[in-house]
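The briefing below concerns the structure shown here.

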Amino acid sequence: MKNIIFFLTVLLVGCSPKNDLELEILTKELNCKDVKLEEYSKYIESEKLAVEESRNILVYKLTNNSSKTYYFNLYNNAEESLEKYIKVNKAYLGIYDSNGEYQKVNVSIPSFGFDKKSLYIEYLNYSYYNWFNEYNQNFIIHPHETLYFEWFVVLPFGNLLEDVNYSVELDSDKKYYAGVLLHSDSINHNNFISRTDLKTIQENGYEIFNGDIKSKNKIPIVFK
């Protein structure tokens, strides 16, 4: 009888379905400059100052375990509801304490006049020509396919490469973790997806994903 129960348990575990879409952070940890928020402007006014201690390339992947092909519409009306996150190109970065409590993100004026193209090339170590591909936001993921993404983030300063700048106040005596979120909107897609993409979706029977996907893991933040 015990052997039968054991067999059934193994069978059920082995057959338990995965999530249709799985998001995973591949970066092991994120560096954060140990600086008070009131000193924020002092550091951020210079592109070079304190960057080494807080420079991060965030790498993550999205895997489609289903038999469906999904279209991700990243241009949408969700920006207001996602202001509590740090924008990292296609995704959003959330910061949590050891109790899982979300840490408030401050949104400020756009990027302080930095040359985004130069920062993109320098920090991500890409060529001038890769810069033009940065604007290709929406994407398609096919069945059993894995897509890889990366972007630059400066903690606690947020992100110098986005249209809106962010900052978050963290206590170096506490432990924090970061998670990634992807958001796609199918409700107002006609206002944000090109006619050619809409035709592609229709002709191929793709499904526009609607909602949020949170990374299955969180990674530690290390103070420098």
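Ring pairs join Tyr60, Tyr70, Phe72, Phe139, Phe149 and Phe209 into one cluster. Rings of Phe, Tyr and Trp (its six-membered ring) are paired if their centres lie within 6.5 Å; planes under 30 degrees apart count as stacked, over 60 as edge-to-face and the rest as tilted. The model is predicted: local features need pLDDT of at least 70 and side-chain atom pairs count only at pLDDT 80 or more, whereas totals for chains, interfaces and linings use all residues. Residues are numbered from 1 along each chain as its sequence is written, and side-chain values use heavy atoms, with hydrogens and water left out.

**Confidence**

- The protein chain has a mean pLDDT of 78, and 67% of its residues reach 70 or more; pLDDT is the predictor's confidence in each residue, from 0 to 100.
- Confidence in the protein chain is highest in strand S1 (residues 21-25), at 97, and lowest in helix H1 (residues 2-15), at a mean of 38.
- The pLDDT is below 50 over residues 1-17, a stretch that has zero contacts in the model beyond near neighbours in sequence; a contact means heavy atoms within 4.5 Å.
- Helices (H or I, at least four residues) and strands (E, at least two) are DSSP runs, numbered from the N terminus.

**Aromatic pairs and charges over rings**

- Nine aromatic pairs are found in a search of the whole structure.
- One of them, Tyr85 with Tyr102, is tilted, at 5.8 Å centre to centre and 55° between the planes.
- Tyr85 lies in the loop between strand S4 (70-72) and strand S5 (86-88), and Tyr102 in the loop between strand S6 (91-97) and strand S7 (105-108), so this pair ties together parts that are 17 residues apart in sequence.
- Tyr85 is buried at 6% relative accessibility, whereas Tyr102 is partly exposed at 25%; buried means under 20% relative accessible area, exposed over 50%, and partly exposed in between (1.4 Å probe, protein chains only).
- The ring centres of Phe139 and Phe149 are 5.1 Å apart with planes at 50°, so that pair is tilted.
- Phe139 in strand S8 (residues 139-141) and Phe149 in strand S9 (residues 146-154) are ten residues apart, and their pair links distant parts of the chain.
- Phe139 is buried at 9% relative accessibility, and Phe149 is buried with a relative accessible area of 11%.
- The charged end of Lys87 sits over the ring of Tyr92, 5.4 Å from its centre, and Lys218 lies over the face of Tyr96 at 5.0 Å from the ring centre. A charge sits over a ring if NZ of Lys or CZ of Arg is within 6 Å of the ring centre and within 35 degrees of the ring normal.

**Strand pairing**

- Eight of the nine residues of strand S11 (residues 176-184) are buried, and the strand is mostly covered.
- S6 and S11 run antiparallel and are joined by six bridges, with Tyr92 opposite Leu181 in S11; two strands pair if DSSP finds at least two bridges between them.
- S11 is also joined to strand S13 (residues 211-214) by four bridges, running antiparallel, and the bridge partner of His183 in S13 is Asp212.
- Two bridges join S11 to strand S14 (residues 219-223), again antiparallel, and Ala178 has Ile219 in S14 as its bridge partner.
- S4 and S12 run parallel, joined by two bridges, and Tyr71 stands opposite Ile208 in S12.

**Nonpolar cores**

- The largest nonpolar core has 36 residues, of which Leu30, Leu58, Leu62, Phe72, Ile86, Leu93 and Ile221 touch the most other members. Such a core is a set of buried Ala, Val, Leu, Ile, Met, Phe, Trp, Tyr and Cys residues joined through side-chain atoms within 4.5 Å.
- Beyond neighbours within four places in sequence, Ile221 contacts Leu30, Cys32, Ile95, Leu155, Leu170, Tyr176, Tyr177 and Ala178.
- Another core, of five residues, lies apart from the largest one and includes Tyr71, Ile193, Ile201 and Tyr206.
- Val154, in strand S9, is buried at 1% relative accessibility. The C-alpha atoms of Val154 and Asn31 are separated by 8.1 Å, although these residues are 123 residues apart along the chain.
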